[in-house]
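Please look through the model shown here before reading on.

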Amino acid sequence: MDRACTDCLVLAEDQDELRAFKAEVSAGLSCSPKRLHSRFFYDKAGSDLFRSITRLPEYYLTDCELEILRKSGRKIMSLVGDGQFNLVELGSGDGSKVIHLIDPVLAENRRLTYLPIDLSASALEALTSFLCRHSPNLDVRCIVAEYSPGLQWIKSHLDGPTMVLFLGSNLGNFDQAAAQAFLTEVREGLAPGDLLVIGLDLRKDIDTMVRAYNDSGGVTAEFNLNLLRRINRQLGGNFDIGNFRYYSTYNPQSGGIDSFLISLRCQSVFIRELCTTFDFEPGEPIYTEHSHKYSETEIRRLASQSGFVLEASFYDSRKYFVDSIWRVPGVTDHLPPLTDR
Ligand SMILES: C[S@@+](CC[C@H](N)C(=O)[O-])C[C@H]1O[C@@H](n2cnc3c(N)ncnc32)[C@H](O)[C@@H]1O
């Protein structure tokens, strides 16, 4: 970790993450249907592959959100008030988005502390080295942690106005109940007046959504297959990667893209660290990810059920994506929603 211009707090050590990965693989490959949680995509190789995905022409999500932040970053940051504040980012990625929020604040000589929270030390390393070059005077405190412990640390150690960023439709990987519980937890860690900026992918033409997860270069397939490679590397598995294929499809009933790794033949895989052999039938899937696509109604409901007031919505020019601004209400707060600007 580049410490030249940042502090780094490690709440999730490598061995904690390895233990969690082992438990997930053991439980996920023992159940029927088999599953592996998408949070485990992001080892170093997975984080690098995700950065490649964000540059794919088919993966419109990153370009749409960048368009919103470039166009409206200054307006979004004006909602946080005039004084010094904390900018917390959950699952921060490589920093290419956050600079469009940070730069307008620094240009006005305002002060902020930026606190990215991410499980992936390698993603935070890439972010840190980028920010050290881009904004050497920015106060950055990286937190290598799972979202919940990271948020708890913030709650017990930080004072002052806070804006939390949860960009890139990261929430879309949570099922409905988990999303509401998580957003409630975020709100409970904040004070009245604090803000959550949440980037969500909207429902649109099905072919556009499906193409985003089926790029012609096969990068998304590699990103998913890296889960099996990670098992081979870290847990002594003997997956033959060529015996699996990636498949993803839009589920109109749940309203999201579902991704799978499918066994191409009858096979057995031994995982040394688990001392277990897992059997696969031909065509048997491992469910790897749900990427939810939101309707406006769902977004309003999620905000209110988790105790926020929806304050403003910023869209890209095609209305593919929204950055929705939610405020923690005060006791007497009855803010009317602002329309899109
Ligand atoms: C899809 S990437 C999004 C990156 C960035 N926010 C963007 O908009 O492009 C998800 C990031 O969240 C992190 N992440 C996923 N699940 C996490 C969890 N439970 N706790 C902490 N970080 C997590 C991953 O390591 C990864 O860097």
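Which element gives the largest share of the lining of the second largest pocket? Helix H1 does, with three residues. The model is a predicted one, in which local features need pLDDT of at least 70 and side-chain atom pairs count only at pLDDT 80 or more, while totals for chains, interfaces and linings use all residues. Residues are numbered from 1 along each chain as its sequence is written, and side-chain values use heavy atoms, with hydrogens and water left out.

H1 covers residues 14-30. Helices (H or I, at least four residues) and strands (E, at least two) are DSSP runs, numbered from the N terminus. The end C-alpha atoms of H1 are 24 Å apart, which agrees with the 24 Å that its 17 residues should span at 1.5 Å a residue; the expected span is 1.5 Å times one less than the number of residues. Buried residues in H1 are Glu-17, Phe-21, Glu-24, Val-25, Gly-28 and Leu-29. Down the helix axis they fall within an arc of 100 degrees, so they line one face of H1; the arc is that of the directions from the helix axis to the C-beta atoms. An α-helix has 3.6 residues a turn, so residues three or four places apart point the same way. Arg-19 and Ser-30 are exposed, on the face of H1 turned away from its buried side. Buried means under 20% relative accessible area, exposed over 50%, and partly exposed in between (1.4 Å probe, protein chains only). The cover over the buried residues of H1 includes strands E2 (34-35), E10 (267-271), E11 (276-280) and E12 (285-292), as well as helix H9 (219-235); contact here means heavy atoms within 4.5 Å.

Two of these covering strands, E2 and E12, belong to an open sheet of four strands with mixed pairing, in the order E2-E12-E9-E8. E2 and strand E8 (244-251) are at the edges with a single partner strand each, so one side of each has no neighbour in the sheet. E2 pairs with E12 in the parallel sense over two bridges; two strands pair if DSSP finds at least two bridges between them. Lys-34 has Ile-286 of E12 as its bridge partner. In the loop between H1 and E2 lies Pro-33, and the peptide bond from Ser-32 to Pro-33 is cis, with omega near 0 degrees.

The second largest pocket has a volume of about 390 Å³. Of its 17 lining residues, Asp-14, Glu-17, Leu-119, Ser-120 and Ala-121 lie nearest its centre. H1, helix H5 (121-134) and H9 give two or more residues each to this lining. On a 1 Å grid over the protein atoms alone, a pocket is an open set of points with protein on both sides within 12 Å along at least five of seven lines, a cavity is a set where a 1.4 Å probe fits but cannot get out, and lining residues have an atom within 4 Å of a point. The largest cavity holds about 200 Å³ of space. Helix H2 (44-54), H9 and E12 each supply at least two residues of its lining. Grid points are joined across faces, edges and corners, and a volume is the space filled by probe spheres set on the points.
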